[in-house]
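Colleague: I have a structure open and would like to go through it with you. Can we start with a detail and then work outwards?

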Amino acid sequence: MKNQITSVSSVSLADYIPIAALNQYTYCPHRCWRMFCAGEFIHNQYTIEGTSLHDRVHTVGEGNREEIWQIRAIWLKSEQYKLIGKADLIEAEKDEWYPVEYKRGRKGEWDNDELQVCAQALCLEEMTGQSVSSGYIYYAHSHQRQLVEITDELRQSAIATIEAVQTLLFTGAMPKPVKTKRCDGCSLYSSCLPQAGEKLGRYQEAS
């Protein structure tokens, strides 16, 4: 595994899709475009809390917690899916590997976090040669882990999202902003203003 970590750090990042982009695309395709095509990013309370959480998680290296081997802030990649990203925590117990993703939110709030864990599992399978059947999301607010079962349905959803993000990054075509409940916590809301776009569209249709 350590040799594989070294090889990950030496690859050209331009040839790979960031795993985080899959999470952002599932949250909102327009936000993903702004971040990974237009290079925009604005912090708000939620992103600052998330960045602070990950900074704390990544300060610890590797070690054992009872019978479980842990390594933090480890790079994962997949040649098959052209994915790359840094996992918060990888654990191994009784020769079974699984990823643990840290989030500031609450258990079961959004399904895009499960897809991110699945993408990490796809990379981990390729790097270790072993099947990964589960992962976890650790929610800092509740101090709870949520089990993520790597089902065939979740795998297919992750692969479809990988293909959609590949198309987005290749074409650079901007997805239309759509007002949803998720806009309330989005740090890029002031740049996007989906309601203004919808009103303008209706005005243009009526004129």
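Colleague: Which residue forms a salt bridge with Asp 184?

Modeller: Asp 184 pairs with Lys 179, and their closest N and O atoms are 3.6 Å apart. A salt bridge here is a side-chain nitrogen of Lys or Arg within 4 Å of a carboxyl oxygen of Asp or Glu. Note that this is a predicted model: local features need pLDDT of at least 70, side-chain atom pairs count only at pLDDT 80 or more, and totals for chains, interfaces and linings use all residues. Residues are numbered from 1 along each chain as its sequence is written, and side-chain values use heavy atoms, with hydrogens and water left out.

Colleague: Is Asp 184 buried or exposed?

Modeller: Asp 184 counts as exposed because its relative accessibility is 61%. The cut-offs are under 20% relative accessible area for buried, over 50% for exposed, and partly exposed in between (1.4 Å probe, protein chains only). Lys 179 is partly exposed, at 28%.

Colleague: How many salt bridges does that rule give?

Modeller: The count comes to ten. Lys 103 takes part in one with Glu 101, where the closest N and O atoms are 3.3 Å apart, and in one with Asp 113, at 3.9 Å. Lys 103 lies in strand E5 and Asp 113 in helix H5 (residues 112–128), so this pair ties together parts that are ten residues apart in sequence. Helices (H or I, at least four residues) and strands (E, at least two) are DSSP runs, numbered from the N terminus.

Colleague: And how buried is Glu 101?

Modeller: Glu 101 has a relative accessible area of 3%, so it counts as buried. Lys 103 is buried as well, at 15%, and so is Asp 113.

Colleague: Which residues are linked in a network of salt bridges?

Modeller: Arg 65, Glu 91 and Arg 145 are linked that way. Arg 145 also lies over the face of Tyr 136, at 5.5 Å from the ring centre. For that, NZ of Lys or CZ of Arg must be within 6 Å of the ring centre and within 35 degrees of the ring normal.

Colleague: On to rings, then. How many aromatic pairs are there?

Modeller: The structure holds three. In one of them, the ring centres of Trp 69 and Trp 97 are 5.9 Å apart and the planes are at 85 degrees, so the pair is edge-to-face. Rings of Phe, Tyr and Trp (its six-membered ring) pair if their centres lie within 6.5 Å; planes under 30 degrees apart count as stacked, over 60 as edge-to-face and the rest as tilted.

Colleague: Where do Trp 69 and Trp 97 lie?

Modeller: Trp 69 is in strand E3 (residues 68–78) and Trp 97 in strand E5 (residues 96–103), so the pair ties together parts that are 28 residues apart in sequence. Trp 69 is partly exposed at 22%, whereas Trp 97 is buried at 17%. Tyr 98 and Tyr 136 also pair: their ring centres are 5.6 Å apart and their planes at 70 degrees, so this is edge-to-face. Tyr 98 is in strand E5 and Tyr 136 in strand E6 (residues 134–139), 38 residues apart.

Colleague: New topic: which residues touch the most other members in the largest nonpolar core?

Modeller: That core has 35 residues, and those with the most member contacts include Ile 17, Leu 22 and Leu 76. Helix H5 gives the most to this core, with nine residues. A nonpolar core is a set of buried Ala, Val, Leu, Ile, Met, Phe, Trp, Tyr and Cys residues joined through side-chain atoms within 4.5 Å.

Colleague: What does Leu 22 touch?

Modeller: Leaving out residues up to four places away in sequence, Leu 22 touches several residues, among them Ile 17, Leu 83, Leu 115 and Ile 162. A contact means heavy atoms within 4.5 Å. There is also a second, separate core of nine residues, including Leu 53 and Ile 68.

Colleague: Last one. How many residues of helix H3 are buried?

Modeller: In H3 (residues 29–36), six of the eight residues are buried, among them Cys 32 and Trp 33. Their cover includes helix H2 (19–27) and helix H6 (152–171). For the chain as a whole, 43% of the 207 residues count as buried, and there are eight helices and seven strands.
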